[in-house]
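User: Hey, I've got this one open and I'm new to it. Can you walk me through what's inside?

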Amino acid sequence: MSESITVRSCAAKDRDAVVALWTACGLVVPWNDPASDFALALSKSSSTVLAAIEDGRIVATAMVGQDGHRGWIYYVAVDPALQGRELGRRMVAEAESWLAAAGMPKVQLLVRETNQRVLAFYERLGYARSPVTMMQKWLTNPSP
């Protein structure tokens, strides 16, 4: 991995580049507006979007937040042309550090069961499947 890569919290001006990266990585789904997700993360002191910067360009991200009991990681994305350079591993480590600094004893994340490649990635980083059932209820009508 290039030593010229730095990681910082995003600012509002980074929105378009971050959303483009999330889209290129296949993380965008019709029922979540990524620009709104980005703006919400930046609007709270309990969350942020971390970005890896190389040559002035955002090449990887991790959205991170905490609810007072546990931390959460979302939108881990690495420019498809740069995958395999340990950037995903670094972004997860940066997110974990952010959460540890916020006093969180535990971190959780969600992965679609069909995404075996990503499940294997997180297992290599020490994550384990949780014996829980996630339930959901829409409070607004999701856009298909």
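User: Let's start with Tyr 122: buried or exposed?
Analyst: Tyr 122 counts as buried, because its relative accessibility is 9%. The cut-offs are under 20% relative accessible area for buried, over 50% for exposed, and partly exposed in between, using a 1.4 Å probe and protein chains only. Keep in mind that this is a predicted model, where local features need pLDDT of at least 70 and side-chain atom pairs count only at pLDDT 80 or more, while totals for chains, interfaces and linings use all residues. Residues are numbered from 1 along each chain as its sequence is written, and side-chain values use heavy atoms, with hydrogens and water left out.

User: What does Tyr 122 touch?
Analyst: Leaving out residues up to four places away in sequence, Tyr 122 touches Val 76, Val 92, Leu 109, Val 111 and Tyr 127. Contact here means heavy atoms within 4.5 Å.

User: How do the rings of Tyr 122 and Tyr 127 sit?
Analyst: They form an edge-to-face aromatic pair, 5.6 Å centre to centre with 70 degrees between the planes. Rings of Phe, Tyr and Trp (its six-membered ring) pair if their centres lie within 6.5 Å; planes under 30 degrees apart are stacked, over 60 edge-to-face, and the rest tilted. Tyr 127 is buried too, as its relative accessible area is 15%.

User: Which residues of helix H4 are buried?
Analyst: H4 covers residues 116-124, and its buried residues are Leu 119, Phe 121 and Tyr 122. Looking down the axis of H4, they fall within an arc of 155 degrees, so they line one face of the helix. That arc is taken from the directions from the helix axis to the C-beta atoms. Helices (H or I, at least four residues) and strands (E, at least two) are DSSP runs, numbered from the N terminus.

User: And what's on the other side of H4?
Analyst: Arg 117 and Arg 124 are there, and they are exposed.

User: What do the buried residues of H4 pack against?
Analyst: Their partners are strand S4 (71-78), helix H3 (87-101) and strand S5 (107-109). Just after H4, Gly 126 takes a positive phi of about 95 degrees.

User: Which residues touch the most other members of the largest nonpolar core?
Analyst: That core has 21 residues, and Ala 52, Ile 73, Leu 87, Val 92 and Tyr 122 touch the most other members. A nonpolar core is a set of buried Ala, Val, Leu, Ile, Met, Phe, Trp, Tyr and Cys residues joined through side-chain atoms within 4.5 Å. Two or more residues come from each of strand S2 (47-54), strand S3 (57-66), S4, H3 and H4. H3 gives the most, with 5 residues.

User: What's in the second core?
Analyst: It's separate and has 13 residues, including Phe 38, Val 49, Ala 51 and Met 63.

User: Back to rings: how many aromatic pairs does the structure hold?
Analyst: It holds 5. One of them is Trp 22 with Tyr 75, a stacked pair at 3.6 Å centre to centre and 10 degrees between the planes. This pair links distant parts of the chain, since Trp 22 is in helix H1 (residues 15-24) and Tyr 75 is in strand S4, 53 residues apart. Both Trp 22 and Tyr 75 are buried. Ring pairs also link Trp 22, Phe 38 and Tyr 75 into a cluster.

User: New topic: how many disulfides are there?
Analyst: There are 0 disulfides, a disulfide being a pair of cysteine sulfur atoms within 2.5 Å. For Cys 10, the nearest cysteine sulfur is that of Cys 25, 14 Å away. Cys 10 is buried, with a relative accessible area of 9%, whereas Cys 25 is partly exposed at 22%.

User: Last one: how many salt bridges turn up?
Analyst: A search of the whole structure finds 9. The cut-off is a side-chain nitrogen of Lys or Arg within 4 Å of a carboxyl oxygen of Asp or Glu. Among them, Arg 129 pairs with Glu 123, the closest N and O atoms being 3.1 Å apart. Arg 129 is exposed, at 55% relative accessibility, and Glu 123 is partly exposed, at 40% relative accessible area. Arg 89 and Glu 86 form a salt bridge as well, with the closest N and O atoms 2.9 Å apart.

User: Which residues are linked in a network of salt bridges?
Analyst: Arg 8, Lys 13 and Asp 14 are linked that way.
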